[in-house]
Amino acid sequence: MDGAFQACRRNPAATFGTAIIIQAVIAVLSVVFGQSLIGSLEVLDTQAELTDAQAISFGASVLTGGTVLTIISAIGILAMQGLLVIPVARAILNLKTGLGQTWRLAKGSYLRLGGMALLMLAASIAGLAAFVFAVVFVIEFLGTSGVVLTVLGVLAVIAVFAWLTVKLALAPAALVLEPRGIFAAVGRSWSLTRGNWWRTFGILILTSIIVSIIVSVISTPITMLVTLFASFGSGDAAGDDLSTILPVLVLTTAISAFFGAIGYAFQAAVTSLLYVDLRMRREGFDVVLMREQEHAASGDPDDVPGRGGHGQFPVPPGPWPGGRAAGSR
């Protein structure tokens with residue numbers, strides 16, 4: 001965590017800037033969807049009676065918009081995890097990385113990151129649909145006695161989801177940094193976490209909890225104050241005019257997106273350093289980093305650790321973000 005903080009502090013534009021850009025895109029699309037939803041509600045509110053066609057049309061709009069937002073959010077979060085491994089890996093060699101440089105160095109990975117996000121999202125939806133179908137079948141076949149099996153099934157699904165999440169957590173970093181194809185990156189993450197699942201799970205879950213608490217403590221009071229002031233400023237007509245909700249929606253979405261981006265950036269930095277650490281433990285990646293360190297000062301300013309042709313022979317170790325000297329175990 002200390003190494004992730006150092007990497008973010010040394011490259012704030014590349015880390016926090018990238019996260020804010022991605023979250024801003026998601027936030028803008030959320031506001032547009034919310035505005036269209038508010039407009040539809042206003043139209044329906046003027047109708048004396050809601051017809052079946054209108055109800056179906058409204059439901060289809062909500063489902064379509066929600067699905068699109070979910071897909072874009074999944075792609076954005078995965079892209080963030082992949083992009084931020086570049087400034088973090090370069091920070092290990094004390095190389096600073098700019099915002100534009102980060103996107104330029106990762107330009108060959110955009111489509112593969114999007115494809116990986118869609119693949120994982122499709123797999124999650126398919127697994128959830130299969131589970132719901134199994135639950136319906138069990139309850140229909142066993143009646144009330146199937147409730148116990150349903151509870152056990154839910155616990156099993158949560159356990160499997162947590163296990164798969166950890167096993168696949170390093171795939172975006174492997175896809176961008178090495179670089180690899182989608183399935184090769186998934187296999188790479190799977191092999192790197194072999195024998196290190198509990199340690200990886202502990203680091204990721206602890207980071208997630210800490211970030212969630214800090215972001216909630218900061219953003220929730222601000223969001224509540226914005227909503228409170230907006231409700232006082234709009235007067236009694238606020239409940240009669242749905243359009244007055246839009247400014248509050250914009251402000252609260254912007255606040256949530258900003259602080260969420262900061263949290264996502266830190267989590268992505270932790271995951272990136274975890275990926276580097278596991279490569280050190282399993283395959284001696286520290287030797288590559290030591291060799292890259294020799295060329296960092298005089299080499300290409302766009303060098304990315306592990307991508308170049310260096311990393312063949314060791315040189316004297318040096319510290320890297322995370323507090324552990326290269327070469328130590």
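Predicted model: local features only at pLDDT ≥ 70, side-chain atom pairs only at ≥ 80, totals over all residues.
**Notebook: the nonpolar patch and the rest of the chain**

I started with the nonpolar patch, and H7 gives the most to it, with eight residues.

Helix H6 (110-142) and helix H7 (146-167) each put in at least two residues. The members I jotted down include Phe 133, Phe 137, Phe 141, Val 148, Leu 152 and Ile 158. Taken together, the patch residues have about 1200 Å² of accessible area on the surface.

I picked out Val 151, which sits in helix H7.

Then I looked at the whole chain. I find 12 helices and zero strands. Of the 329 residues, 36% count as buried. The chain exposes about 17200 Å², and 72% of that comes from carbon and sulfur atoms. For contacts with a separation of 6 or more, I noted that 77% join residues 24 or more positions apart.

Last, confidence. The chain averages a pLDDT of 80, and 80% of the residues score at least 70. Among the elements, helix H9 (residues 182-192) has the highest mean pLDDT (94), and helix H12 (residues 285-296) the lowest (75). Over residues 236-240 the pLDDT is below 50, and I see one contact for this stretch beyond near neighbours in sequence. Residues 309-329 also have pLDDT below 50, but that stretch has 48 contacts in the model beyond near neighbours in sequence.

Key
Residues numbered from 1 in each chain as written. Heavy atoms only, no water. pLDDT = per-residue confidence, 0-100. Helix = DSSP H or I, 4+ residues; strand = E, 2+ residues; numbered from the N terminus. Contact = heavy atoms within 4.5 Å. Patch = residues over 30% accessible without salt bridge, like charges linked within 9 Å, V, L, I, M, F, W, Y side chains within 5 Å. Areas by Shrake-Rupley, 256 points an atom, 1.4 Å probe, with all protein chains shown as cover. Salt bridge = Lys/Arg side-chain N within 4 Å of Asp/Glu carboxyl O. Buried < 20%, exposed > 50% of the residue type's maximum accessible area, 1.4 Å probe, protein only.
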